[in-house]
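Look over the sequence and the model before reading on. The report below goes from a single residue to the whole chain.

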Amino acid sequence: MRYVILTALILLAGCSSWQNPSLDMSVNRSERFKADRTECRKRAEKMTHSAPDNDLPKRTYTQDQNFYSNEVKAYQRCMSAKGWVKK
């Protein structure tokens, strides 16, 4: 369920798409995007410690939302660092 919410937040945040104007034309953009997206998702989860764990019943709705919003922000920073821009 968490991945559905995260994906929805990422996709619906402005209904935009990620583009990388700095990529060379010889690079397959869709493969590069998939690789960068996977790496950034893992990095964001690791940085924010937002993966569900045993304290899930103890956390409040607000705490869960803070975890997820921090994860989305970390994901967006990672993608931006790799040259991807939301348009």
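## A buried methionine and its surroundings

Met79 is buried, with a relative accessible area of 0%. Buried means under 20% relative accessible area, exposed means over 50%, and partly exposed lies in between, with a 1.4 Å probe and protein chains only. The model is predicted: local features need pLDDT of at least 70, side-chain atom pairs count only at pLDDT 80 or more, and totals for chains, interfaces and linings use all residues. Residues are numbered from 1 along each chain as its sequence is written, and side-chain values use heavy atoms, with hydrogens and water left out.

Met79 sits in helix α3. Helices (H or I, at least four residues) and strands (E, at least two) are DSSP runs, numbered from the N terminus. What does Met79 touch, not counting residues up to four places away in sequence? Its partners are Trp18, Phe33, Asp36, Arg37, Cys40 and Trp84. Contact here means heavy atoms within 4.5 Å.

**The core.** Met79 belongs to the largest nonpolar core, which has 10 residues. The largest share, 4 residues, comes from α3. A nonpolar core is a set of buried Ala, Val, Leu, Ile, Met, Phe, Trp, Tyr and Cys residues joined through side-chain atoms within 4.5 Å.

At 1% relative accessibility, Ala44 counts as buried. Leaving aside neighbours within four places in sequence, Ala44 is in contact with Glu71, Ala74 and Tyr75.

**Two packed helices.** Two packed helices are described by the angle between their axes and the distance between the axes. For α2 and α3, the angle is about 135 degrees and the axes are 8 Å apart. Axes are lines fitted to C-alpha atoms, for helices over the stretch in contact, and angles run from 0 to 180 degrees between N-to-C directions. α2 and α3 are therefore oblique to each other. Angles under 35 degrees count as roughly parallel, over 145 as roughly antiparallel, 65 to 115 as roughly perpendicular and the rest as oblique.

Which residues meet where α2 packs on α3? From α2 they include Phe33, Cys40 and Ala44. From α3 they include Ala74, Tyr75 and Met79. The residues of this contact divide into 9 nonpolar, 2 polar and 7 charged. Ala, Val, Leu, Ile, Met, Phe, Trp, Tyr, Cys and Pro count as nonpolar, Asp, Glu, Lys and Arg as charged, and the others, Gly among them, as polar.

| Pair | Apart in sequence | C-alpha distance |
|---|---|---|
| Ser16 and Lys86 | 70 residues | 6.1 Å |
| Ala44 and Tyr75 | 31 residues | 5.3 Å |
| Met79 and Glu39 | 40 residues | 9.3 Å |

Ser16 lies in the loop between α1 (2-12) and β1 (18-19). Is Ser16 buried, partly exposed or exposed? Ser16 is partly exposed, with a relative accessible area of 23%.

**The whole chain.** The protein has 3 helices and 2 strands. Along the sequence they follow the pattern α-β-α-α-β. Buried residues make up 26% of the 87 residues. Among contacts between residues at least 6 apart in sequence, 79% join residues at least 24 apart.
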